[in-house]
Amino acid sequence: MPEFLRLVPPKEALARWLRAFPAEPTVGRELVPTTEALDRVLAEPITAPQPLPSFARANVDGYAVRAEDTYGASASLPAYLKLKGEVPMGEVAVGNVDRGQAYLVHTGGMVPQGADAVVMLEDTQAVRQHEVEIHRPAAPGQNVIAAGEDVVPGERILEAGIRLRPQEIGGLLALGITRVSVYERPKVSILSTGDEVVPAETDPSPGQVRDINSHTLAALVRRAGGDPLLGGILPDHFETLEKAVRAAHASSHIVVVTAGSSASARDMTARVLSLLGEPGVLIHGLSIKPGKPTILGVAGRVPLVGLPGNPVSALVIAGLTIVPAIARVGGAKAAVPAGRVRARLTGNVPSEAGRDDYIPVRLEASPEGWLAEPVFGKSNLIFTLVRADGMVHIPPDVTGLAAGESVDVEPF
């Protein structure tokens, strides 16, 4: 009977194991269509090739005006402006708004030269064929999205190592970037061992069990951004296991062996993994339940994982080890935790009573916990969401949140 495992706390074990990884990603790069890059890890930083938007746009249906022509306007004492025409959607505004003039514009349409504000249609009234009443004053910039307000040319919009979400896909396409360089998905070899293990589609005899670990682990690998390579079911035979593990080591970025990791005379996983190269097996045993007989190692540039055969133990430990390993070798930066995050607001957030508001926030770790920094921007600026990590919901009976309040953040 071999000497039993020396147990290591999970956090300490994971930190020691990750420190033994290569400093740079070990996967290659490939160029893919932006439309097919969801959840891929960006391999190169991207700068904006042009402003976004590329022209001043109306944020509401209304009249493009010079703000100073509306000062003091009210329903009882309206300002009267000469209506010069309409800017059709999708067309260039050919006119120029001079003093005392206005153009009818539509949400998303171009704002003519000379105008610096748009008065909402609800705050106006057409009184004659070429004249419009303004019932509320407008401030410069009101209801207008300026050219370059979302991003300016040359601005670093995305960093290498981020996992592309739907908002990044939209932002890239808005800038005309139709192909991106991403890291290849890490190849993760999964080998299942045990004389008693049979394929999942087999009707097991007494004493046999179906192989479910290969498939649950493969699903976890896919969700984490990896490419699972199923190496089949191996018998409890040293030379057979060694040959299969060496082949997996040569052809993949991460090697995972299930079962064969407990302190038993027939468990050979640690011995086989130790033969693959330096630094070898680093951890054999975690102070955790389930999953105590876990093996962690590195051979050359390839992380090695030996998982218990118990399906619950295997999946729990895989989530703690294989998922961060895929991120590290695949070039992904640390991600925001999945699921709802409790955080403290760093700034005031206004809200109107009677409506549900959803405010984008950027999450930042601090010694006291997560901080949520509000990301303010107009609803049709896609990079407002690119710059955010999640949303905070403000219910209709709340008129804003104050800096320092604790909030629930739903990550994207």
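Where is the place of asparagine 143 in this chain? Asparagine 143 sits in the loop between β9 (131–134) and β10, and one of the views below returns to it. The model is predicted, so to speak of local features we ask for pLDDT of at least 70 and count side-chain atom pairs only at pLDDT 80 or more, while totals for chains, interfaces and linings use all residues. Residues are numbered from 1 along each chain as its sequence is written, and side-chain values use heavy atoms, with hydrogens and water left out.

**View 1. The largest nonpolar core brings together 27 residues.** A nonpolar core here is a set of buried Ala, Val, Leu, Ile, Met, Phe, Trp, Tyr and Cys residues joined through side-chain atoms within 4.5 Å. Buried means under 20% relative accessible area, exposed over 50%, and partly exposed in between (1.4 Å probe, protein chains only). Trp17, Val256, Leu307 and Ile322 have the most contacts inside this core. At least two core residues come from each of α1 (10–19), β13 (187–193), α3 (213–223), β17 (254–258), β19 (295–299), β20 (302–307) and α6 (311–329). Of these, α6 gives the most, with seven residues. Helices (H or I, at least four residues) and strands (E, at least two) are DSSP runs, numbered from the N terminus.

**View 2. Tryptophan 17 and its partners.** Setting aside residues up to four places away in sequence, tryptophan 17 touches Leu282, Leu296, Gly297, Val298, Pro303, Leu304, Val305, Thr321 and Ala325. Contact means heavy atoms within 4.5 Å.

**View 3. Strand β18 holds both proline 279 and glycine 280.** The strand covers residues 279–284, and the peptide bond leading from glutamate 278 into proline 279 is cis, with omega near -5°. Glycine 280 is buried, at a relative accessible area of 4%. Beyond its neighbours within four places in sequence, glycine 280 is in contact with Gly297 and Val298.

**View 4. Helix α4 spans residues 238–251.** Its 14 residues reach 20 Å from first C-alpha to last, close to the 20 Å expected at 1.5 Å a residue; the expected span is 1.5 Å times one less than the number of residues. Phe238, Leu241, Glu242, Ala244, Val245 and Ala248 are buried in this helix. An α-helix has 3.6 residues a turn, so residues three or four places apart point the same way. The buried residues of α4 pack against β13, β16 (227–234), β17 and α5 (269–274).

**View 5. The largest pocket holds about 1500 Å³ of space.** On a 1 Å grid over the protein atoms alone, a pocket is an open set of points where a 1.4 Å probe fits, with protein on both sides within 12 Å along at least five of seven lines; lining residues have an atom within 4 Å of a point. Grid points are joined across faces, edges and corners, and a volume is the space filled by probe spheres set on the points. The lining has 40 residues, with Arg163, Lys333, Ala334, Ala335 and Val336 nearest the centre. Helix α6 provides the largest share of this lining, five residues. By class, the lining has 24 nonpolar, two polar and 14 charged residues. Here Ala, Val, Leu, Ile, Met, Phe, Trp, Tyr, Cys and Pro count as nonpolar, Asp, Glu, Lys and Arg as charged, and the others, Gly among them, as polar.

**View 6. The second largest pocket has a volume of about 540 Å³.** Of its 19 lining residues, Tyr358, Ile359, Gly377, Lys378 and Ser379 lie nearest the centre. Strand β22 gives the most to this lining, with four residues.
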